[in-house]
Amino acid sequence: MERKRFSISERVKSFGYALDGLGEFFKSQHNAWIHLFAAVFVIFLAVYLRITSNEWCWIIIAVSMVFLAELFNTAIEYLSDIVSPNLHPQIKKVKDVAAAAVLIAALGAAVIGMTIFLPKLENCF
């Protein structure tokens with residue numbers, strides 16, 4: 001197999017494909033908007049409470065983790081629908097496990113958020 005030479009134009013195109021994927025994600029996935037709203041809320045809260053740079057790192061990891069899980073879940077759903085357009089018990093299991101990954105990521109993000117924000121909010125009251 002012949003290796004392709006590095007091409008800046010091909011790299012730029014790949015960013016375009018990724019942006020197309022994000023556009024499709026936000027157009028088609030209602031949960032993406034819920035995650036986006038939660039992320040914006042958390043960012044505003046973090047700015048308001050003046051969290052530390054270390055805490056920012058955890059927030060960025062948590063938000064990224066949830067979006068990555070949701071993006072992979074969406075990709076798995078799209079692929080599953082092509083592989084098996086009709087309802088199939090194994091495909092249901094695949095989709096359920098992918099959805100569970102999103103749930104675990106969201107729960108982990110919530111725990112990170114509570115660990116960072118609850119002590120700071122207690123000090124406000």
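Modeller: A residue is called buried when its relative accessible area is under 20%, exposed when that area is over 50%, and partly exposed in between. Keep in mind, as we apply these words, that this is a predicted model.

Colleague: What makes the pair of Asp 96 and Lys 92 a salt bridge?

Modeller: The closest N and O atoms of Asp 96 and Lys 92 are 2.5 Å apart, and because the limit for a salt bridge is 4 Å, this pair is counted as one. Both residues lie in helix H4, four residues apart, which means that about one helical turn separates them. Lys 92 has a relative accessibility of 46% and is therefore partly exposed as well.

Colleague: How many salt bridges does the structure hold, and which one ties together parts that are 14 residues apart in sequence?

Modeller: There are four salt bridges in the structure. In one of them, Asp 81 pairs with Lys 95, and the closest N and O atoms are 2.5 Å apart. Asp 81 belongs to helix H3 and Lys 95 to helix H4, so this pair links parts that stand 14 residues apart in sequence. Asp 81, at 39% relative accessibility, is partly exposed, and so is Lys 95, with a relative accessible area of 24%.

Colleague: How do you know that Lys 13 and Glu 10 meet in a salt bridge?

Modeller: The distance between their side chains, taken from N to O, is 3.4 Å, and since the definition asks for atoms within 4 Å, the pair of Lys 13 and Glu 10 qualifies. These two residues are both in helix H1, three residues apart, about one turn of the helix. Lys 13, with a relative accessible area of 42%, is partly exposed, and Glu 10, with 35%, is partly exposed too.

Colleague: Let us turn to the helices. Why are H2 and H3 called roughly antiparallel?

Modeller: The axes of H2 and H3 come within 10 Å and cross at roughly 175 degrees, and because angles over 145 degrees count as roughly antiparallel, we conclude that H2 and H3 are roughly antiparallel to each other. Their contact includes Ala 39, Val 42 and Ala 46 on the side of H2, and Trp 56, Ile 59 and Val 63 on the side of H3. Sorted by kind, the residues of this contact are twelve nonpolar, two polar and one charged.

Colleague: What makes H1 and H2 roughly perpendicular?

Modeller: The axes of helix H1 (residues 8-28) and H2 come within 5 Å and cross at roughly 100 degrees, a value inside the range of 65 to 115 degrees that counts as roughly perpendicular, and H1 and H2 are therefore given that description. Where they meet, Phe 25, Phe 26 and Ser 28 of H1 touch His 30, Ala 32, Trp 33 and Leu 36 of H2. This contact has five nonpolar residues, two polar ones and no charged ones.

Colleague: How do you know that Ile 59 is buried?

Modeller: Ile 59, which is in helix H3, has a relative accessibility of 4%, and because buried means under 20%, Ile 59 counts as buried. Leaving out residues up to four places away in sequence, Ile 59 touches Val 42, Ile 51, Ile 116 and Phe 117.

Colleague: Which residues touch the most other members of the largest nonpolar core?

Modeller: That core has 15 residues, and those touching the most other members are Leu 49, Ile 51, Ile 59, Ile 116 and Phe 117. Two or more residues of the core come from each of helix H2 (30-49), helix H3 (53-83) and helix H4 (89-124), and H4 gives the most, with six residues. Beyond its neighbours within four places in sequence, Phe 117 is in contact with Val 42, Leu 45, Ala 46, Leu 49, Ile 51 and Ile 59.

Technical notes: Residues numbered from 1 in each chain as written. Predicted model: local features only at pLDDT ≥ 70, side-chain atom pairs only at ≥ 80, totals over all residues. Heavy atoms only, no water. Core = buried A, V, L, I, M, F, W, Y, C linked by side-chain atoms within 4.5 Å. Buried < 20%, exposed > 50% of the residue type's maximum accessible area, 1.4 Å probe, protein only. Contact = heavy atoms within 4.5 Å. Axes fitted to C-alpha atoms, helices over the stretch in contact; angles between N-to-C directions. Parallel < 35°, antiparallel > 145°, perpendicular 65-115°, else oblique. Nonpolar A, V, L, I, M, F, W, Y, C, P; charged D, E, K, R; others polar.
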